[in-house]
Amino acid sequence: MPYEEQLEYKMRLEHKLLSQFGKIEPIIGMYYPYHYRNKVQAAFGYDKRAGKIISGVYQSGSHKIVSVDSCNIEDKKADEIIVTIRKLCKDFKFIPRHVLVKRGFSTNQIMVVIVTGTPILPAKNNFIKALLSAHPEITTIIHNINPYETNLVLGDRENVLYGKGYIEDELLGCTFRISAKSFYQINPSQTEKLYKTAIEYAGFTGNESALDAYCGTGTIGIIAARNGAKNVIGVELEKSAVRDAISNAKRNKIDNIYFYNADATNFINEMAKSGEHLDVVLMDPPRAGSTEEFLDAVATLAPERVVYISCNPETLARDLLYFTSTTSYKVEKIQPVDMFPHTAHVETVVLLSK
């Protein structure tokens, strides 16, 4: 489907699901909608019929690997590295479960994560030497051990084989540390547009207290703390993400943000119980959306504005319907952003006011 038609399709979807809440702004598309993914992962296996190691993606709903050498939405360099690893695996006689490559587009730092089922990586020093010889631009290599047969690519144990064990990238003038397991938006140029919209909707004047719920590694909270919020609290359930968030705040010399490792709903309820006040709630939940308990807690806390960043318009519509029908909040603005060209996904920023 031509790119212009994709944007029209996404606008139709937004209108179908969200027009009941107000006017929808024209979608913010991408100038060059290719090779935007800064994170690429490939499953590895052995094709018995062809007698060779293959790598690529799982066929939908199966564990059959479809061989992929390059993809129009993936970072070209990441694809090249994965193909090199596949060739090296033949020489070194081992097959990883997965390989994950992350690249900081603005810093050009590259992380390679090799996932195996056991702690053994044959001839690892020579393997690393060969990989770095082919790709000297790699800045860190990690060996991740995942012995379990689950849908999760990464296990809990990892060893840094080369470099610092993390990479950094820049967004809106802030530097962020990205580890193997930490969440980071995969399309940096569109993320900047998304976050600029969210900060604009938050309407910071220098006097507001804000909460960044589901804060991950603290990206949007740190940007808010630098761009007009008086102080920001970030709440996140994943421990390693909170560690990254704290180091990200230090790295950017931002001292008006505080991070807590907690469930966002419980945390907000506790805040409301102790009579604390917030002016703005920034929320960026996973694809499953938020929960009624969380939205009830937000209403109890009664901020002036709620900025909801959603990666799934269906759960967004459900949450907005619940929130606007059970509280005194109403939708003011709706801005779709095309974060994932050539896929059916669409990101949306919504401003709700009391």
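Because the model is predicted, local features need pLDDT of at least 70 and side-chain atom pairs count only at pLDDT 80 or more, while totals for chains, interfaces and linings use all residues. Residues are numbered from 1 along each chain as its sequence is written, and side-chain values use heavy atoms, with hydrogens and water left out. When I say helix or strand, I mean a DSSP run, H or I over at least four residues for helices and E over at least two for strands, numbered from the N terminus.

Let's start with helix α9, residues 313-326. The 14 residues of α9 reach 20 Å from the first C-alpha to the last, close to the 20 Å expected at 1.5 Å a residue; the expected span is 1.5 Å times one less than the number of residues.

Which residues of α9 are buried? They are P313, T315, L316, A317, D319, L320, Y322 and F323. Buried here means under 20% relative accessible area, exposed means over 50%, and partly exposed is in between, with a 1.4 Å probe and protein chains only. As a reminder, an α-helix has 3.6 residues a turn, so residues three or four places apart point the same way. The partners that the buried residues of α9 pack against are α1 (3-18), α8 (292-301), β14 (305-310), β15 (330-337) and β16 (347-353).

α8 and α9 have their axes 10 Å apart and pack at an angle of about 40 degrees. That makes α8 oblique to α9. On the α8 side, the contact is made by E292, L295, D296, V298 and A299, and on the α9 side by D319, Y322 and F323; contact means heavy atoms within 4.5 Å. The crossing of α8 past α9 is right-handed. Angles under 35 degrees count as roughly parallel, over 145 as roughly antiparallel, 65 to 115 as roughly perpendicular, and the rest as oblique. A crossing is left-handed if the near helix is turned anticlockwise from the far one by less than a right angle, and right-handed if clockwise.

α8 also packs with helix α7 (residues 264-273), at an angle of about 25 degrees and with the axes 9 Å apart. That makes α7 roughly parallel to α8. Here α7 passes α8 in a left-handed crossing. From α7 we have A264, T265, I268, N269, M271 and A272, and they meet E293, F294, A297, V298, T300 and L301 of α8. Notice V298, which takes part in the α9 contact as well as in this one.

Now for the strands. V101 sits in β4 (residues 98-103) and is buried, at 1% relative accessible area. Its C-alpha lies 4.6 Å from that of V112, 11 residues away along the chain. Beyond neighbours within four places in sequence, V101 touches residues including V40, I81, I82, I110 and V112.

In strand β2 (residues 52-58) we find S55, also buried at 1% relative accessibility. What does the side chain of S55 make a polar contact with? The partner is the side chain of R86, at 3.0 Å.

Last stop, the loops. Y214, between β10 (208-213) and α5 (219-226), has a positive phi of about 55 degrees although it is not a glycine. This tyrosine is partly exposed, with a relative accessible area of 23%. K253, in the loop between α6 (239-251) and β12 (257-261), has a positive phi of about 50 degrees, and again is not a glycine. Buried or exposed? K253 counts as exposed, at 75% relative accessibility.

Then there is N187, in the loop between β9 (174-178) and α4 (188-202). N187 is buried, with a relative accessible area of 1%, and apart from neighbours within four places in sequence it is in contact with M30, Y36, M339 and P341.

How values were computed. Axes are lines fitted to C-alpha atoms, for helices over the stretch in contact, and angles run from 0 to 180 degrees between N-to-C directions. A polar contact is a pair of N or O atoms within 3.5 Å; within protein, one must be able to donate a hydrogen and the other to accept it, and residues adjacent in sequence count only if both atoms are side-chain atoms.
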